[in-house]
Amino acid sequence: MKFFGISTALAALLMASAARAESTVSLHPGLGPADGATVVDASRYEARRDGKYTIGFSNVFTGNSWVVQLLEEAQWRADQFPEIERYIVTDANFDPSKQVADVEDMLAQGVDAIVINPTSPVAVVPVLEKAYDAGVAVIIVAADAQTEKATVRILADQVKFGRDGGKFLAEAMGGKGKVIALRGIAGISVDTDRWDGAAEVFAQHPGIEVVGEVYAQWAYDQGRQACESLALAHPQIDGVWSSGGAMTQACIEVFNELGRDLVPMTGEANNGFFGAWKKNQAAGFDSIAPQNPTWMVAEGVAAAVAVLNGQDVYTEYKVIAEPFTAADLDKLYRPDLNDSYWVGSILPDDKLKALYGN
């Protein structure tokens, strides 16, 4: 680059400014500021505002298709920002002590921001507070942690997720009958909050009895095992409350294989589940699909860049999308993509077809 008629010092200044050119970050329209959210004090991160960022993502585990898509979307989103020089990803494999060690290692590597999907709402708090006090932007996504020392939170309303499913089930069952529950991962706030929402509804209907529940890690294969075990143990099942779409797809298949009449089941916005729903509509099957988008971590990465760049960002966002119903099936189901696709991805269509094309 040549600069004519200006001093060497000024030329150097202009080159430095060009190197710090900032992206303008827009967050997903499916997010809205949570009640009580305020604008982040971005001045805390001014010392890091050099346009050369290291961002770490500490993931809870990689054990189902939802997380696989989450990782792909977060990587794709990170690749859009020239400011991100290094993007570090770790996997805690459900182990809070490993996640703490992962974050400690990120701090040792000089990260400017940490995006974290916590394994535990409590165990990770000391290391997150250490990072926050050191001036590192802390972005909590998908599951929460019990600390005020976070820069941004991006969360779905998991209680609403469970409550919406519970309301659908109670209405479809006429307020009475026996229910089995397919839950996610024990101890993670997402699972606890969803079940609290469902239990709140069931408590309002004394005729509904939860006769069994199993943790199946939101996974298709474990959902099959759990549903089969519960179905064999309980000759009468009038409804299935499920914390995840892949588990619901598996349970539909189990009921069909056992020759059991299909009962109302709650689901989630997963392509395999949508396909099973459509296939069984003629038999009278109906469901509801609350949304827990895979793009939350990707938006956490984007929020980290925005904060480091000094843009106005809120301290907390909530997913504002409403559940999908039978009226949405024809529009959302993608027969050209396989069961592992989660509806609403931010990935370009060519990338989706490369990952999930039939």
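Biologist: Buried means under 20% relative accessible area, exposed over 50%, and partly exposed in between (1.4 Å probe, protein chains only). Is Cys 251 buried or exposed?

Modeller: Cys 251 is buried, with a relative accessible area of 0%. This is a predicted model, in which local features need pLDDT of at least 70 and side-chain atom pairs pLDDT 80 or more, while totals for chains, interfaces and linings use all residues. Numbering starts from 1 along each chain as its sequence is written, and side-chain values use heavy atoms, without hydrogens and water.

Biologist: What does Cys 251 form a disulfide with?

Modeller: Its partner is Cys 227, with the sulfur atoms 2.0 Å apart; a disulfide requires them within 2.5 Å. Cys 227 is likewise buried, at 0%. A search of the whole structure finds one disulfide.

Biologist: Why is the disulfide right-handed?

Modeller: Because the torsion about the S-S bond of Cys 227 and Cys 251 is about 60 degrees.

Biologist: And which parts does the pair tie together?

Modeller: Cys 227 belongs to helix 7 (residues 220-233) and Cys 251 to helix 8 (residues 245-257), so the link joins parts 24 residues apart in sequence. Helices are DSSP runs (H or I, at least four residues), numbered from the N terminus.

Biologist: Changing topic: which residues touch the most other members of the largest nonpolar core?

Modeller: Ile 55, Val 152, Val 240 and Phe 274, out of 98 residues. Such a core joins buried Ala, Val, Leu, Ile, Met, Phe, Trp, Tyr and Cys through side-chain atoms within 4.5 Å. Helix 10 (residues 296-309) gives the most, with eleven residues.

Biologist: What other core lies apart from it?

Modeller: One of 13 residues, including Ala 170 and Trp 241.

Technical notes: Helix = DSSP H or I, 4+ residues; strand = E, 2+ residues; numbered from the N terminus.
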